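Look at how the inside of this chain is put together.

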Amino acid sequence: MENNKDKALNQSNHYFYNRIGKRSADIIGSITLIIILIPFIILFSIILVLFSGRPLFFRQIRSGLNDCPFTIWKFRTMKTELIEYSDHQYHWTEEVPKDFLFTKPEHLQVTCIGKIYRKFSVDEIPQLWNVLKGDMSFVGPRPEIVEITTHYSSEQKKRLLVKPGITGYAQVYGRSTITYGEKIERDLYYVQNCSFILDFKIVIRSIGIVITGKGAY
């Protein structure tokens, strides 16, 4: 009986953090960071326009909480003439293969300044707007493109039970170097164990990864 009470309490705390605490932290954190980073956002924008031209931002439809689509914002890192042809096409008959390793299509070319922005996650800064709007959270599974989530199995869809994040458990333990099966495994671990302490550890580890640029492509 005591175990059942502890389980119920943990579920209650989990629900409170995900629905109230996490959202409150996202709103306060995103507003604070946007204000602090305004000079840097302006600087990064000027550098991008000077070295890469326009458009400044890249927008793409991603799968969010409960598989609801939303538009993600990034600083543009690809050549403008190739963006419109950047859709990924997959023809899996069942779930996304566990050995699948995500790579950008060969026809896409990242600009010189784009490579630097990607390496140090500068291109992700506009996603603070997604966090403020409520499309994303600071921490959660990285938002996947719709072309991939349409092939999800019932088990893989469980990673969509929480809001996608700017950073996440799979990001800090592999980033773009792990297989899709490993990514799903890590994301499902996060979904089942989401807590303030886990989020804090992920954020701290993310800072180190951003500084070193480890695992970027």
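What follows describes a predicted model.

**Nonpolar cores.** The largest nonpolar core has 26 residues. Phe75, Tyr117, Tyr190 and Ile202 touch the most other members. Several elements each supply at least two residues of this core, among them α1 (2-52), β2 (69-75), β3 (137-139) and α6 (169-172). A second, separate core has eleven residues, including Tyr90, Ile148, Tyr152 and Ile184.

Tyr117 has contacts beyond its neighbours within four places in sequence. They are Phe44, Ile47, Leu48, Phe75, Thr77, Val122 and Asp123.

**The α7 and α8 pair.** The axes of these two helices come within 9 Å and cross at roughly 140°. An angle over 145 degrees would count as roughly antiparallel; α7 and α8 are therefore oblique to each other. The residues that meet are listed by helix.

| Helix | Residues | Residues in the contact |
|---|---|---|
| α7 | 180-193 | Tyr189, Tyr190, Asn193 |
| α8 | 196-212 | Leu198, Asp199, Ile202 |

By class, this contact has four nonpolar, one polar and one charged residues. Tyr190 of α7 and Ile202 of α8 take part in the contact, and both are among the core residues that touch the most other members.

**A loop residue.** Where does Glu124 lie? Glu124 is in the loop between α3 (112-119) and α4 (127-133). Is Glu124 buried or exposed? Its relative accessibility is 15%. Buried means under 20%, so Glu124 counts as buried. Setting aside residues up to four places away in sequence, Glu124 touches Lys74 and Arg142.

Note on methods:
Residues are numbered from 1 along each chain as its sequence is written. This is a predicted model: local features need pLDDT of at least 70, side-chain atom pairs count only at pLDDT 80 or more; totals for chains, interfaces and linings use all residues. Side-chain values use heavy atoms; hydrogens and water are left out. Helices (H or I, at least four residues) and strands (E, at least two) are DSSP runs, numbered from the N terminus. Buried means under 20% relative accessible area, exposed over 50%, partly exposed in between (1.4 Å probe, protein chains only). Contact means heavy atoms within 4.5 Å. Axes are lines fitted to C-alpha atoms, for helices over the stretch in contact, and angles run from 0 to 180 degrees between N-to-C directions. Angles under 35 degrees count as roughly parallel, over 145 as roughly antiparallel, 65 to 115 as roughly perpendicular and the rest as oblique. Ala, Val, Leu, Ile, Met, Phe, Trp, Tyr, Cys and Pro count as nonpolar, Asp, Glu, Lys and Arg as charged, and the others, Gly among them, as polar. A nonpolar core is a set of buried Ala, Val, Leu, Ile, Met, Phe, Trp, Tyr and Cys residues joined through side-chain atoms within 4.5 Å.
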